[in-house]
Amino acid sequence: MRAGAGALAAYRALLGAQARAQTAYRTSFLVDLVGNVGFTVFDVVTVLVVFGVTRELGGFTLRETMVIVGISTGAFALADLLVGNIERLPRYVRTGLFDAVLLRPLGTLPQLLLMDLPLRKVSRAVFGLAVLVVAVGSAGIQWTAARVLLVVLAPLAAVVFFGSVFVATATVSFFWVDSGELANSVTYGGRDFTTYPITVYDGWFRALFAYGLGFAFVGYHPALALLGRGDPLGLPGWVGWAAPGVALVAAAIAAAAWRVGVRHYRSTGS
Amino acid sequence: MGSLTATVAPPAASNVILWFRTFRAIAGSSFRRYSTYRQAAVAGVVTNCVFGFLRCYVLLAAVGAAGTVAGYDRAQLATFVWVGQGLLAVILLWGWTDLADRIRTGEVAADLLRPVHPVTSYLAADLGRAGYAVLARLIPPVLVGPLFFPVHVPQRWATWPLFALSALVAVVLCFGCRYLVNATAFWLHDARGPVIIWTLVSGVLTGLYFPLRFLPEWLQLLLWLGTPFPSLLQTPLDVLVERDPAGTQLALVGVQLCWAVLILAACRLVQRRAERRLVVQGG
């Protein structure tokens, strides 16, 4: 019990130190806040521009698509805030900083996440959630108790899912130090994939990202369930409710991958 | 302790051949340096290809019943996306902070002592890097795209040399922009803020996220003439997919050339100003 409280205090101290360090240079922090929200804003602007030249995309109108965009953008921004900095792992492995992390009597994963929790990404998460609220509010959803539950549950599941993807892809650098931007193709690629209805994509590429990696359950299927639309690709309506289950499976896989990765870690000795 | 001018004065008898040899030597060594990062190149190509698929499907979905959108047909859009993914790494839109890092650490002092103007030597190094990127980063997506999507092959022979020229100018222009962004570190010590803003703005205004032709015409005109961004990516791609007749193609490359000259001149001006106020701490 005491050990648990001690660990908690240590994590809190790590987080506090981070917060003070990052806000020490106010102007820099403000530029960071504004710059970061900009990336998410432009992601949404891109969707709007594409809808500027077409009335529908993959059989979905702008209002319908925005529900998918809202879930995806809001959840990705929140996951990025909480665990996105795990993508610095390759550098920790290369420079040997990970040795120090292993030596401390705290969990490796929570340490890494708290060591540089990017507070500047708060602006992104707030904007993403605002998009979600506006999109859901203007989509003309016929509210039932079940859909109210889903509109809360689906984004949370998506956060867990994206977080798992961040962790799982980062573990690649335990095996391949120079993997560089490879992880981006699944994390940011996954975000781009979930921004649009999956009917937009085709063939093996859609099969791989939608069901092989599970990205269809992030925004697309929950949005169908919220909108009360049938799946043009033929899956039954209850699939929209599978999102939390899929997220839990993803989290379990990510945790297992992390454990295997840490065990495989060999210090660069520098 | 006398003061010394930072940039060594060029030799009185400016020898063009010597200058060219130095330029080629720097570019060559940079080419070899980058060609050692093979694993990173493979990882980059995979990432570019994934985004190639993503962007391509989305843009193709926007093509209406008429078979065209904003003046592009399906094959032109596919070429636009896949060559764009390769060209992105050739012009190196993001991730170059070499100069800013060297200014922060003071290592830039060594650059100033060399008998080559810093803008020239960095440009030479960047062209060497770009040359390797053409082989390792541009060619792979250009080969992968057509395996999965019908693509547009230029119909007019003149498009090929014009595209080559346009891509080269884009590399030089992009280098100039990055140099300016990095050079803010002379005044700010840390160029992070400008780099973030550059990354943010350059993604959307170069035509990487969506072809700029999707925007209203007045905005297109404003972007092309008022900012260098469309000249970085959208122009070479529009030239390659023959979005416009030959005359407009030439005009676009002309605008690009003007921007390249302007930005390079700005680089030299900024460099001269910066050298007057640079203080390198430590020894």
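Hi everyone, let's start with chain B, whose secondary structure comes to 12 helices and two strands. Helices here are DSSP runs of H or I with at least four residues, strands are runs of E with at least two, and both are numbered from the N terminus. Starting from that end, the order in chain B is α-α-β-β-α-α-α-α-α-α-α-α-α-α.

A quick word on the source: this is a predicted model, where local features need pLDDT of at least 70, side-chain atom pairs count only at pLDDT 80 or more, and totals for chains, interfaces and linings use all residues. Residues are numbered from 1 along each chain as its sequence is written, while chains are lettered from A and ligands numbered from 1 in the order in which they are written.

Now, the fold. Chain B has a radius of gyration of 20 Å, close to the 19 Å from the globule rule for 283 residues, so chain B is as compact as a globular protein of that length. That radius is taken over C-alpha atoms, and the rule is 2.2 Å times the number of residues to the power 0.38. The C-alpha trace of chain B spans about 75 × 40 × 40 Å along its principal axes.

On to the partner. Where chains A and B meet, chain A brings 30 residues and chain B 28 residues, with contact meaning C-beta atoms, placed from the backbone, within 7 Å. On chain B's side, α2 (38-61) and α9 (192-205) are the elements giving two or more residues, and α2(B) gives the most, with 13 residues.

Technical notes. Contact = placed C-beta atoms within 7 Å.
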